[in-house]
Amino acid sequence: MDGLPIAPAEEVRVARVLVTVATAWFTLVAAWEMFGPVLAGHYASSASVGIMAENMLRWRIPGPVWEYTAARPTPAMYYCHHPWGIFWTTAAFMEVLGRSDAVCRLPAVLLSAVTPPLLYAVGRSAYRPAAGAAAAVTFVVLPITLSFASFNALEVPVMAWTLLGVWGYVRLVQTWRRRWIAVSALGLTLGMHADWQAFVLAGGLLGFGALRGFLLPEGVFGRVASRRYGQWWVVTASAAVLTGLMYLALFQRAGKLVDLLQSYGLRSYGNEAPILAVLASRRYWIELMFTPVGLALGAVGAVACAVRFVVRRREMDALPLLFLLMATVQYVVFRQGADIHIFWPHQAAAGLGLCVGALVDMGAGGVASRARGGLARRAGIAAAAVALVPLALILRDGIPALVYARETGGRFNEKGLLIDSDGDKTALLRWLSARIPRDVPVELHPGMKSTWAQIWAMEGRVVTGDRPVPPGVPRGVYIADTRFMPDAAQAELVRRGRVLAVGPFWVVGTPAVMAAITPEGGAAPGAVPGVEAMSFEEREPSLWSWVLISGTEPERTIVPDPFLTWELRTHFGLAAEPPAAAPVTLEQRRIAHNAALAAGDAAGAAAHLAAIREMLSPVTAHFEDGTEILGVSFQQGVRPLLTMLVQAGGPLAAGVNLAVRSRVVRRAMLSTTMADPVEREVGLPLPIAPERWRKGFLYADAVPIRKRPGAEVFRAALRGKGAPRRQEEGGGAVEVLRLP
């Protein structure tokens with residue numbers, strides 16, 4: 001006998017079909033965009049894992065170092081806030097497959113792919129096939145699991161490995177075969193190497209095991225084969241102790257134990273606040289990640305498991321509770337981390353899945369006890385079918401959350417803060433990396449808001465972030481984002497030497513570097529001040545690119561841009577030749593209008609302005625200084641783009657900018673999740689500071705739209721000290737876009 005609960009063959013077949021579909025769906029979700037560039041947000045953590053793995057291989061060191069160095073890192077540079085399992089795993093993949101963006105995600109993709117079958121294995125072994133299938137299906141529809149399926153951080157491996165360990169435990173107590181001791185100990189040990197949370201689950205299982213096997217009378221929780229159970233307990237406990245001691249020794253040797261304790265002191269900051277108030281402040285995040293339906297199922301399932309565990313002494317009902325305990329400890333104890341990371345309760349998804357599986361088992365038992373004939377034989381199928389109804393409601397919110405997550409790098413609403421994907425920034429960095437020598441140092445202006453993803457994009461070079469404008473010619477390459485760079489600093493860079501502008505990004509460097517990257521046909525770089533400009537030419541991805549590279553960013557090519565060259569040179573007082581080519585795009589027509597106006601060609605400027613108005617939706621706002629919003633253009637696509645055209649009344653006060661904010665006014669149709677209550681900043685500052693604007697010139701504010709679930713309204717206004725007031729009645733922000 002294999003010890004598994006007896007179930008009708010028909011139920012087994014249906015359960016396997018459900019699990020196969022769930023696994024295929026979840027694998028596709030995890031593999032979506034696997035070969036694309038790692039961008040900003042929480043997902044940039046996957047790039048940090050890649051950096052650490054690459055450093056391990058490059059320098060043949062055992063510990064993770066999350067910045068590139070010119071010399072061999074010392075142990076004092078090791079990252080010691082978490083166990084090193086995910087870094088060793090990624091290094092092993094990189095050793096075999098080489099350096100790539102896919103390697104930063106592949107371990108998580110593979111572990112996510114095996115998690116639904118593991119949930120099925122646990123649920124099928126602990127309860128019945130229908131329960132295991134329900135557990136797997138629940139897991140693959142939850143927004144949090146869909147959103148972070150390819151997240152090569154801590155939670156994905158913790159869930160996969162601990163599920164393997166728990167499955168081994170269940171099969172051990174069903175068969176008392178020695179091989180299941182190895183399976184259980186291996187899974188739990190690998191989980192503990194993934195992150196500390198696994199110690200909570202292993203500790204809970206060992207604590208229960210001590211009661212079941214050694215302290216309580218025989219038969220309280222079923223038959224105990226004392227020798228086998230004792231072997232499992234000793235092996236697992238020894239693995240936990242040795243794993244913990246190993247990391248304590250490694251961290252002590254690196255001089256990082258104090259750093260570890262301080263980090264967790266910081267993570268637990270805010271524990272004095274009442275827990276109900278804390279949960280209320282996170283209500284939207286919690287609903288967004290689990291949905292109210294999922295939370296209700298989890299709560300009912302947890303209570304039912306606890307009652308059945310105590311009253312009927314079913315030890316298998318402790319398993320969902322242990323996973324929920326693991327997630328709860330992290331979420332409640334380390335509150336500062338939960339306030340920042342929306343994925344903090346990720347492990348609860350495994351517990352919630354098992355809770356639903358337990359509910360299906362209970363429902364099937366109830367049907368079977370009251371029905372006869374075919375219905376009794378199909379009780380498990382009937383219970384699973386009933387469970388699919390609320391799970392479909394969860395999936396209704398799960399799919400939009402998945403897209404929202406990919407668009408924002410897993411940050412979602414970021415509590416109202418500005419979110420940028422860094423897609424164009426990453427394209428620039430990769431373009432540069434292919435053109436400059438590997439030994440050239442790279443420095444980033446603070447306005448670049450450097451992330452691990454940016455450092456990873458430079459392909460192993462030493463990159464220094466948050467560097468002020470250098471006093472002279474940079475030693476290598478200096479890169480700035482003019483949208484987050486003071487106008488005076490921009491003027492200083494132009495005054496000193498040649499600048500290569502790529503969209504809103506400026507690059508300056510040594511003469512040799514500038515010669516390598518200056519557009520063909522441009523003036524040779526040297527000491528003479530000047531600006532050469534290039535732009536991002538964007539296009540929608542093909543189907544295969546959408547699946548494998550990016551379904552949330554356009555494909556970008558960097559091309560010379562004589563229109564932008566004229567605009568920048570004109571605004572910074574340099575000699576500029578008007579572009580010879582006829583304008584085609586809205587952006588080119590805007591600059592052609594300005595060139596005609598600067599040349600005194602009033603008729604040409606008027607013709608361009610009339611053509612531009614034809615390309616815009618008529619949204620207008622007039623300000624007391626003469627500045628006017630002429631209209632907007634909204635471009636659908638993988639990355640929707642709202643472009644607002646503004647005609648300047650003249651220079652604005654320093655610090656004034658055109659701000660765009662959005663608010664969700666109604667939750668999505670058929671959604672059970674509350675509408676996002678946060679007003680979110682969505683507009684980026686303009687590359688040419690409004691304090692440098694010229695009267696009558698047109699300026700474009702391009703706003704990437706990352707729509708939240710529900711009906712969302714976008715409004716624009718000039719904001720900042722000294723901003724002119726809007727003249728229309730009410731004088732507030734003007735609505736520029738409304739999306740259902």
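A residue counts as buried when its relative accessible area is under 20%, as exposed when that area is over 50%, and as partly exposed in between. With that cut-off in hand, let us tour this predicted model.

**How confident is the model?**

The mean pLDDT of the protein is 92, and 96% of its residues reach 70 or more. Confidence is highest in helix α6 (residues 143–147), at a mean of 98, and lowest in helix α17 (residues 373–377), at 73. Take care with residues 521–527, where pLDDT stays under 50. Where pLDDT is low, the predicted coordinates should not be read in detail.

**Charged partners**

The count of salt bridges comes to 37.

| Salt bridge | N to O distance |
|---|---|
| Glu54 and Arg99 | 2.8 Å |
| Asp481 and Arg483 | 2.9 Å |
| Arg708 and Asp676 | 2.9 Å |

Let us start with the pair Glu54 and Arg99, which are joined by a salt bridge. Glu54 sits in helix α2 and Arg99 in the loop between α3 and α4 (101–126), so the pair ties together parts that are 45 residues apart in sequence. Glu54 is buried because its relative accessibility is 11%, whereas Arg99, at 31%, is partly exposed.

Next come Asp481 and Arg483. Arg483 has a relative accessible area of 11%, so this residue is buried. Asp481 is buried too, at 0%. Both residues belong to a network of salt bridges that also links Asp420, Asp422, Lys425 and Arg706.

Arg708 is buried at 1% relative accessibility, and Asp676 is buried at 2%.

**Cysteines**

How many disulfides does a search of the whole structure find? The answer is zero. Cys355 is in no disulfide, and the nearest cysteine sulfur, that of Cys305, is 4.7 Å away. Cys355 is buried, at 0% relative accessibility, and Cys104 is buried with a relative accessible area of 0%.

**Out at the surface**

Phe35, Trp544, Leu548 and Ile549 form a nonpolar surface patch with about 420 Å² of accessible area together. Phe35 is in the loop between α1 (9–31) and α2 (44–59), and its 43% relative accessibility makes this residue partly exposed.

Glu95, in helix α3 (residues 85–97), is partly exposed at 46%. Leaving aside residues up to four places away in sequence, Glu95 touches Leu57 and Arg60.

Definitions and conventions. Residues are numbered from 1 along each chain as its sequence is written. This is a predicted model: local features need pLDDT of at least 70, side-chain atom pairs count only at pLDDT 80 or more; totals for chains, interfaces and linings use all residues. Side-chain values use heavy atoms; hydrogens and water are left out. Helices (H or I, at least four residues) and strands (E, at least two) are DSSP runs, numbered from the N terminus. Buried means under 20% relative accessible area, exposed over 50%, partly exposed in between (1.4 Å probe, protein chains only). Contact means heavy atoms within 4.5 Å. A disulfide is a pair of cysteine sulfur atoms within 2.5 Å. Patches are made of residues with over 30% relative accessible area and no salt bridge: like charges are joined within 9 Å, nonpolar side chains (Val, Leu, Ile, Met, Phe, Trp, Tyr) within 5 Å. Accessible areas come from the Shrake-Rupley method with a 1.4 Å probe; for residues, only the protein chains shown count as cover. A salt bridge is a side-chain nitrogen of Lys or Arg within 4 Å of a carboxyl oxygen of Asp or Glu. pLDDT is the predictor's confidence in each residue, from 0 to 100.
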